[in-house]
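Student: I would like to learn how to read a sheet and a cavity in a protein model. Please take them in turn.

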Amino acid sequence: ILLEMFEAAVGRAHPARCLPPHLPAPPAGGRIVVLGAGKAAAAMAVATEQFYRQRGELDRIGGFVTTRHGYGLPTDLIEVVEAGHPVPDAGSIAAAQRALDMARQAGQHDIVLVLLSGGASALWTAPVEGVGFDAKQALTKALLKSGARIHELNCVRKHLSRIKGGKLAAAAYPARLLTLAISDVP
C-alpha cells in the first residue's frame, strides 16, 4: 500500500502530468524564453517541448535549463546543460550568468518562462560583487556540514546572489515572467 501511495504521488508530480495545464500560450507578437534549473529541469524541458510541439508552436519557444550532472535528457529546442549539485561548480556560475543574459534580452512582448525544481539554488550560482566563487562554494560546504536546513541555506544563498530573490525577474523586465516550480521546498 505504501509503495502504491508513493508511486501515485510521484506520478502526479511528474512534469509531463503537472506542467501542461499551466504552460502559457505564446504572447501575441512575442516568444517564450524558457529558463530553468533543478534536478527535474530536464524532465520539465521535455514536457514543455512536447506541449508546444502538440500545439504546433515550437517556433515560438527557445532557451535552456540547467540540471544536476547525470540528470540530462535529450531535447530538440530547449538545451539541457549540467552543473554541480549540491555544491555549485563552474557550470553553475556559467548557467546563472547565461540565464541572466537571456532574461535581459527578452522584450516587452515576450514571456520568460522559468522552470524550477529542487536543486535550483545550487545549479544557478551568481555570487554578488565582492564574493568569489571559492568563498561561496566553501560557504555552501560549511553550511551543509553544519547541518543547516535547506531554508537556512537558501536564505544565505539569496543574499549572496545576483539571480535569486527576485533578481532574475528584475533582469527580465519589461518582459512578463512566469515561474512554474516543482519542489518540496516552498
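Tutor: We take the sheet, then the cavity.

Tutor: This is a predicted model, in which local features need pLDDT of at least 70, side-chain atom pairs count only at pLDDT 80 or more, and totals for chains, interfaces and linings use all residues. Residues are numbered from 1 along each chain as its sequence is written, and side-chain values use heavy atoms, with hydrogens and water left out.

Student: In what order do the five strands of the open sheet lie?

Tutor: Strands (E, at least two residues) and helices (H or I, at least four) are DSSP runs numbered from the N terminus. Two strands pair if DSSP finds at least two bridges between them. Here the order is β3-β2-β1-β4-β5, and the pairing is parallel.

Student: Why is one side of β3 and of β5 left without a neighbour in the sheet?

Tutor: β3 (78–83) and β5 (176–182) stand at the edges and have a single partner strand each, so one side of each lacks a neighbour in the sheet. On average, neighbouring strands of this sheet are turned by 15° against each other, direction ignored; the axes are lines fitted to C-alpha atoms, for helices over the stretch in contact, and angles run from 0 to 180 degrees between N-to-C directions.

Student: How many bridges join β1 to β2?

Tutor: Six bridges join β1 (residues 32–37) to β2 (residues 61–68). One example is Gly 36, whose bridge partner in β2 is Val 65. β1 also pairs with β4 over six bridges, in the parallel sense, and Val 33 stands opposite Val 112 in β4.

Student: What is the bridge partner of Val 112 in β5?

Tutor: In β5 that partner is Leu 177. β4 and β5 pair over seven bridges, again in the parallel sense.

Student: Is β4 mostly covered or mostly uncovered?

Tutor: Strand β4 (residues 111–117) is mostly covered, with six of its seven residues buried. Buried means under 20% relative accessible area, exposed over 50%, and partly exposed in between (1.4 Å probe, protein chains only).

Student: Now the cavity. How is empty space found?

Tutor: Rolling a probe the size of a water molecule over the atoms shows where empty space is left. On a 1 Å grid over the protein atoms alone, a cavity is a set of points where a 1.4 Å probe fits but cannot get out, and lining residues have an atom within 4 Å of a point. Grid points are joined across faces, edges and corners, and a volume is the space filled by probe spheres set on the points. The count here is one cavity of 30 Å³ or more, and the largest cavity has a volume of about 40 Å³.

Student: Which elements give two or more residues to the lining of the largest cavity?

Tutor: They are α6 (133–146) and α7 (150–159). The largest share, four residues, comes from α6. Lining residues include Lys 136, Leu 139 and Arg 157.

Key:
On a 1 Å grid over the protein atoms alone, a cavity is a set of points where a 1.4 Å probe fits but cannot get out, and a pocket is an open set with protein on both sides within 12 Å along at least five of seven lines; lining residues have an atom within 4 Å of a point.
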